[in-house]
Amino acid sequence: MESRWVFGDCRLGCQSTGVLVTWLGPVQWDGQHAPFMTCGPCLSRLRAQAEQYFIKRQPAAA
């Protein structure tokens, strides 16, 4: 996945400010929208969690 990185604030977990972040998508709440940005370390953690989920859901080999 190719990402565009800009300086901003991480909204995923660490809440670091003034770091390189990439856009994950919009957050929608109560009819409003806000950009959802994450830093590299938080994106890596999210990717690892997703991969573990995918591995657990793999069907058993026949």
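Arg11 is exposed, its relative accessible area being 52%; here buried denotes under 20% relative accessible area, exposed over 50% and partly exposed the range in between, with a 1.4 Å probe and protein chains only. The model is a predicted one, in which local features need pLDDT of at least 70 and side-chain atom pairs count only at pLDDT 80 or more, while totals for chains, interfaces and linings use all residues. Residues are numbered from 1 along each chain as its sequence is written, and side-chain values use heavy atoms, with hydrogens and water left out.

**The salt bridge**

Arg11 forms a salt bridge with Asp9, and the closest N and O atoms are 3.5 Å apart. The term requires a side-chain nitrogen of Lys or Arg within 4 Å of a carboxyl oxygen of Asp or Glu. The structure holds one such bridge. In general, side chains of opposite charge can pair when their charged atoms come close.

Asp9 is placed in the loop between β1 and β2 and counts as partly exposed, at 28% relative accessibility. When neighbours within four places in sequence are set aside, Asp9 is in contact (heavy atoms within 4.5 Å) with Ser16, Thr17, Gly18, Val21 and Met37. From Asp9 to Thr22 the C-alpha to C-alpha distance is 9.5 Å, at a separation of 13 residues in sequence.

**Overall architecture**

The protein chain has one helix and three strands, arranged from the N terminus on as β-β-β-α. The radius of gyration is 15 Å, well over the 11 Å that the globule rule gives for 62 residues, so the protein chain is more spread out than a compact globule. This radius is taken over C-alpha atoms, and the globule rule is 2.2 Å times the number of residues to the power 0.38. Helices (H or I, at least four residues) and strands (E, at least two) are DSSP runs, numbered from the N terminus.

Along its principal axes, the C-alpha trace of the protein chain spans about 50 × 30 × 20 Å. Of the 62 residues, 16% count as buried. Among contacts in the protein chain between residues at least 6 apart in sequence, 32% join residues at least 24 apart. The protein chain exposes about 5,300 Å², of which carbon and sulfur atoms supply 56%; accessible areas come from the Shrake-Rupley method with a 1.4 Å probe, and for residues only the protein chains shown count as cover.

**Strand pairing and turns**

Strand β2 (residues 19-29) pairs with β1 in the antiparallel sense over four bridges, and Val19 in β2 is the bridge partner of Gly8. Strand β3 (residues 32-39) pairs with β2, also in the antiparallel sense, over eight bridges; in β3, Phe36 is the bridge partner of Gly25. Two strands pair if DSSP finds at least two bridges between them.

A hairpin is formed by β2 and β3, with two residues between them. Asp30, in the loop between β2 and β3, has a positive phi of about 50 degrees although it is not a glycine. Gln15, in the loop between β1 and β2, also has a positive phi, near 60 degrees. Most residues other than glycine have a negative phi.

**Selected residues and their surroundings**

The table gives the accessibility of residues discussed in this report.

| Residue | Relative accessible area | Class |
|---|---|---|
| Trp5 | 36% | partly exposed |
| Gln15 | 60% | exposed |
| Leu24 | 31% | partly exposed |
| Asp30 | 73% | exposed |
| Thr38 | 0% | buried |

Thr38 belongs to strand β3. Beyond its neighbours within four places in sequence, Thr38 is in contact with Trp5, Cys10, Leu12, Leu20, Val21, Thr22, Leu24 and Leu43. Leu24, located in strand β2, has contacts with Phe36, Thr38, Leu43 and Leu46 when neighbours within four places in sequence are left aside. Leu24 and Gly40 are 16 residues apart in sequence, and their C-alpha atoms are 12 Å apart in space.

Trp5 lies in strand β1 (residues 5-8). Together with Phe7 and Leu20, Trp5 makes a nonpolar surface patch of about 350 Å². Patches are made of residues with over 30% relative accessible area and no salt bridge, like charges being joined within 9 Å and nonpolar side chains (Val, Leu, Ile, Met, Phe, Trp, Tyr) within 5 Å.
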